[in-house]
Amino acid sequence: MSDTIDTSTTISEMPILALRNAVLFPGAVMPVVIGRGKSIRLLEGLGDRRTAVVGVVAQKDKGVDNPSPDDLYWAGCTGQLIKVLRNGTDTYHVVIRGVDRFKIHKFEQVEPYLTAEVELLSESGEDNPQVEALVRSLRETATELVNMVPELPINASDLQEEFEHPSRLVYLLLTHLGVSVEEKVDVLQADGLADMLNKTLQLVMQQVEILRISQRINSEVKGELNKSQREYVLRKQLKAIQKELGDLEGGEGDELAELEERLLKVGLPEDAQKIANKELKRLRSIQQGSPEYTVARTYLEWFADLPWSEQTEDNLDLKHAQEVLDSEHYGLEKVKRRLVEFLAVSKLKNDMRGPILCLVGPPGVGKTSLGRSVAEALGRKFQRVSLGGVRDEAEIRGHRRTYIGAMPGKIMMNLKKAGTTNPVMMLDEVDKLTHDWRGDPTAAMLEVLDPEQNDTFVDHYIDTPYDLSKVLFIATANTTDTIPAPLLDRMELIELSGYTHEEKLNIAKRHLAPKQVKAHGLDPEQIELTDEILSKIIASYTREAGVRTLERRVADVCRRVAVGVVKEEYEQRTVNDEDLDEILGAARYMPEVAERTERPGVATGMAWTRSGGDLLFIEASKLPGKGKMRLTGQLGDVMKESAQIALSMVESTAAQYGIDRSAFEEHDLHVHFPAGGIPKDGPSAGVTMYTALISLLKDIPVRGDVSMTGEATLRGLVLPVGGIKDKVLAALRGGVKKVILPEKNRRDLRDIPESAQKQLEIVFVSRMEEVLEHALEEPPSEWGKTKRKSSVPPAVA
């Protein structure tokens, strides 16, 4: 078979050899490793291999091990086997020389190897000016390509030689050109010489253009490179490539233009606008790969993201606000009244700055949820800032931009989240702020919570004044003891005391039970919690000022009912006492006042804690000794002094109450406050210690249904104390029936719910004698006429 075929010829039963990732061209010599079954059978089925001709075609997918006709390109090149070497039992090394192009008409055989009817393609009869022009352009472009890529195995001089046929120039180039198999096959099956030359020219010009772009990119980023420049170089190359492909029209410039437009739209104040313009101008001069670029860009992004002028319109409808507050919170009338007052003043005076409210009360009374209701009533955005455990001033004011990883403080971060200048911002647990060597966050809060200063609040990161006067700050705390006086002075305190049994019952019916029924996937018809069951849960399974534990106990009941519904044990369940015993176990809290005060020397006091009020049992005993007094129970200095005052009072009134002096000379007195792991302090236990000592020395028990509070003096007076409402509610929860309070605390009676006043007998006293008269089971007035008269004038009730 000649090297050049002048006329088309059809050949039947041409053996077809499939190559995975290569294309054979006429005149080219190609080594091939043959190891697949069909290919080996093809070699072994040939007669005289020295004269045998095979059709060599390329696979569409090189991953196919056993290609079918559909997996092959239907154009290829006939090849002569120049050399065949066997390597082992299943591999041949073959050298093939390409002869003529062909296209497949049809496959005639698939097994044991592929054969097909092929038509050899003509390459003659096209000697015209168009072909000559294409050949010349191809020579010039290919010469440029060879000069740009010296490693190509083609010399520029080879391209200038006269070929026996122009197609040989095409085959020479495509054999060594790094283009895809698909593109090579496309040239191989071209219709005529002109089409073949044109397609090859396009491929060569494409390679030349890619090399030109690559050289231009390299020339833009050439120079000495170090580790800090490497990322910049890669980004520059990527951007240049994207620009050439048309994927990036404006690049970095467009991004900065967009940022500038955002800065103009947010309505920056004049000073902030000047800073933004200056920083933006500096940003344009910084290389994008520089760390400084990221710092400056992030700073401007914060400027664009903060709300400088965007604000929501307040809903000043007092009726709507009252309805929202009443629907979500039961009780808390004092707080609701203050919030409605704020709305009323805001409606009359549009430029009123938001007050700084501080809700103080025990855990679980609804302080945080109240803030959400305020935001809903006003129609404002709500943001909660948790301050518990914050010890770094930078968490409030932000970090200066000179530090790596600097960011604004919590105030600015939450303003960004809110997206408005007038949100309701809840400063949760403001009493839990601490301080260390990094600064005092409470000092930073002074500016935030001062209505006269916070219109020019400066965050260290933003470093320009920001107006916080439109923000409605609501702080929450469990106690004011740990809040510094200057910070406390800037806030309007609203105290939230614990709930009464009746209030808890209403809260459970209206809010907690429906919430938990829904949260556990139950329908209201599937579970019934009666008032009696809820009352028992409150009295026997909770003892708290708030309602968090109550909500957990209701959730326990709902979970158990949900299990029964899923197991189809019942469709509807009315919870009864037996269910409570099974679900929650035995009652955890029982009235213990009577049990603990049944012996002389034990009295019940009332104390105030951060969790609300609590009962305080004081135990006194005497033992042989020399008249010393022992105090245990982790007491503070003030309480120790109160104990000394109580003992002095007892000694001074010993003759009045018929107590022998030997009781103080031959015995030691021991006063103990149970729950020794809890620190105790304050003067309000003075009357209780005095009563316990008199009860001990007279061997008369204190009434089990009586509790008391008040500061005692050496003159026998009872002075007022604080936390009356919480203490009285704690006594009510503990099963007390009578409460003894100082006369000067009568003014606090209005803070105690009427329901609690109806269930308790509240007695006001001004002297210690009156306390004993109401507290002891056998009052002094009934001790008999044998007792000596008191040297202290009798009290007037």
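**Questions on a predicted model**

Colleague: Which residues does Gln383 touch, not counting residues up to four places away in sequence?

Modeller: In this predicted model, Gln383 is found in strand S8, which covers residues 382-386. Leaving out residues up to four places away in sequence, the residues that Gln383 touches are Asn414, Lys417, Ala418, Val424, Met425 and Met426.

Colleague: Is Gln383 buried or exposed?

Modeller: The cut-off for a buried residue is under 20% relative accessible area. Gln383 has a relative accessibility of 15%, and therefore counts as buried.

Colleague: How far apart are the end C-alpha atoms of helix H9, and what span should its 15 residues have?

Modeller: Helix H9 takes in residues 270-284, and at 1.5 Å a residue its 15 residues should span 21 Å. The distance between its end C-alpha atoms agrees with that expectation, because it is also 21 Å.

Colleague: Within what arc do the buried residues of H9 fall, seen down its axis?

Modeller: The buried residues of H9 are Ala272, Gln273, Ala276, Glu279, Leu280 and Leu283. Seen down the axis of H9, these buried residues line one face of the helix, because they fall within an arc of 135°.

Colleague: Which residues touch the most other members of the largest nonpolar core?

Modeller: This core holds 53 residues, and its largest share, 7 residues, comes from helix H20, residues 548-566. Apart from it lies another core of 50 residues, including Phe303 and Leu387. Within the largest nonpolar core, the residues touching the most other members are Leu529 and Val557.

Colleague: What kind of aromatic pair do Tyr299 and Tyr461 form?

Modeller: The pair links distant parts of the chain, with Tyr299 in helix H10 and Tyr461 in the loop between strand S10 and strand S11, 162 residues apart. Tyr299 counts as buried at 1% relative accessibility, and Tyr461 counts as buried at 3%. With 5.8 Å centre to centre and 70° between the planes, the pair is edge-to-face.

Colleague: Which residue lies over the face of Tyr299?

Modeller: Tyr299 belongs to one aromatic cluster with Phe303, Trp308, Tyr461 and Tyr466. Over the face of Tyr299, at 3.7 Å from the ring centre, lies Arg401.

Definitions and conventions
Residues numbered from 1 in each chain as written. Predicted model: local features only at pLDDT ≥ 70, side-chain atom pairs only at ≥ 80, totals over all residues. Heavy atoms only, no water. Helix = DSSP H or I, 4+ residues; strand = E, 2+ residues; numbered from the N terminus. Expected span 1.5 Å × (residues − 1). Buried < 20%, exposed > 50% of the residue type's maximum accessible area, 1.4 Å probe, protein only. Arc of directions from axis to C-beta. Core = buried A, V, L, I, M, F, W, Y, C linked by side-chain atoms within 4.5 Å. Contact = heavy atoms within 4.5 Å. Phe/Tyr/Trp six-rings, centres within 6.5 Å; stacked < 30°, edge-to-face > 60°. Lys NZ or Arg CZ within 6 Å of the ring centre and 35° of its normal.
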